[in-house]
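Please read the following report with the sequence and the model side by side.

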Amino acid sequence: MVTEPELIEYVLMQNKEVFTIGRQQRETFNGIEDQAVTANSGDRWKRLRNGLQPAFAWENIQRYGSQMAERTVNHVDRWEADDRIDVLHEMRLLTLRILGDTLLGIDIEGDEEIVRNAADAFLDQTDPRRFGRLLPKWVPTPTQRRINHAVEDLDAYIAGVIADRSPGDDVGSVLLEAHERGDLTMAEVRDNMTALLLAGHDTSAVALTYAWYELSRHPEIRESLAEETENVIRNGSLSGDDFDALERTRNVIKETLRLYPPTWGVNREAIETVTLGGYELPAGTQVMMPQWVVHRDDRFWEQPETFDPSRWKRESNRPEYAYFPFSGGPRHCIGMRFARLELVVSLATMVHHVDLDVSVTEPLTFAPKISLQPEADIGAIVHKS
Ligand code: HEM
């Protein structure tokens, strides 16, 4: 377990050749998206990452801002005043639809359950507290059988989507063009679509859920966000060009990702013997770098347990890797720019239209699955602005 920011930087950046993705990550994706960027290392990872990377450049991502806002308005418009909603469920539907509308160029509405079944089974499978996790994957535990079925359905859905789609300039098209050039196999196209669907919606959905939880506990912060959006919004809707102007919303998102990092730990494996912080790590050593711990370390954060977006306005000399919600180095989250834009634009848009009165009074408890899940449902009552 590495919790010194300098050493985290050393593992992820300076000595990246010696640390590859860890056993836990390889085993997690095994049988689900074996041919995806998430599950590979070495030359194959480089080829897959290089194929995807251009679609994630900021110029390409920023233009999705209007679609993100539009989809969010459409989503909250379906809620009636005084409705009681399950916040995480709603945020998952929203982020899935946004992902479909933008990066993947498909209308997911009506098919969300296919992705959610796979995502739910996958989440359960990654719960480190589950006894069955210690068993090999060929043992037909109920969770394993559930995941096998759900992944078969998801593969069939994605094959259908690939067959039906018309060419565009989204990441789905980028992958298919790479296939036509002979750079990617069809299995690689399919598994990378699966990876983007799974990695790309639940992380953002939990972040939005925790943001709403905190806004509900701090009405004055919620008010200040509503005021900000009111000043920034033109023609009734936000766009990617508004990202810089939404400073308060950006700080709320930053603070949410600090206190509730959707990915709570990054895993690497030393491929040769290496010295780290004065310790000799033999080849094969698993290294865990937990955002959960470092983001709450009082050496770097004043009152670390307090939700305080204004801390991001103050100068600080904390080390760069005291905060790494999207990891770092060449393998950092490829969807980072997309996620930041989506979280800011969607939250600002939601705050402009509704208030959610989150009815959780107990402190939150968490399930440390592949993403940081709330242990109990987070319900809320809708108030329309
Ligand atoms: C709040 C939202 C998100 C958070 C906190 C997050 C966090 C992370 C983290 C910590 C990693 C691990 C990097 C490593 O091993 O060093 C990662 C990888 C990845 N993320 Fe995200 N992510 C988010 C949203 C997204 C979105 C929206 C997408 C796609 C649209 C995405 C796609 C990926 C992919 C494909 C990888 C694997 C990259 C590789 O191995 O080269 N993520 N993410």
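The iron atom of the ligand has C333 as its only protein donor, through the atom SG at 2.3 Å, where donors are N, O and S atoms within 2.8 Å of the metal (3.2 Å for Na, K and Ca), and where a site may look incomplete because water is not among the atoms. C333 itself belongs to the loop between α13 (291–294) and α14; helices here are DSSP runs (H or I, at least four residues), numbered from the N terminus.

This is a predicted model, in which local features need pLDDT of at least 70 and side-chain atom pairs count only at pLDDT 80 or more, while totals for chains, interfaces and linings use all residues. Residues are numbered from 1 along each chain as its sequence is written, and side-chain values use heavy atoms, with hydrogens and water left out.

Two helix pairs are set out below, with angles running from 0 to 180 degrees between N-to-C directions and with axes fitted as lines to C-alpha atoms over the stretch in contact.

| Helix pair | Angle | Distance between axes |
|---|---|---|
| α8 (142–164) and α10 (186–217) | about 110 degrees | 10 Å |
| α6 (87–104) and α14 | about 125 degrees | 12 Å |

The angle of the second pair makes α6 oblique to α14, whereas α8 and α10 are therefore roughly perpendicular to each other; angles under 35 degrees count as roughly parallel, over 145 as roughly antiparallel, 65 to 115 as roughly perpendicular and the rest as oblique. α8 passes α10 in a right-handed crossing, and α6 and α14 also cross in a right-handed way, meaning that the near helix is turned clockwise from the far one by less than a right angle.

Methods
Helix = DSSP H or I, 4+ residues; strand = E, 2+ residues; numbered from the N terminus.
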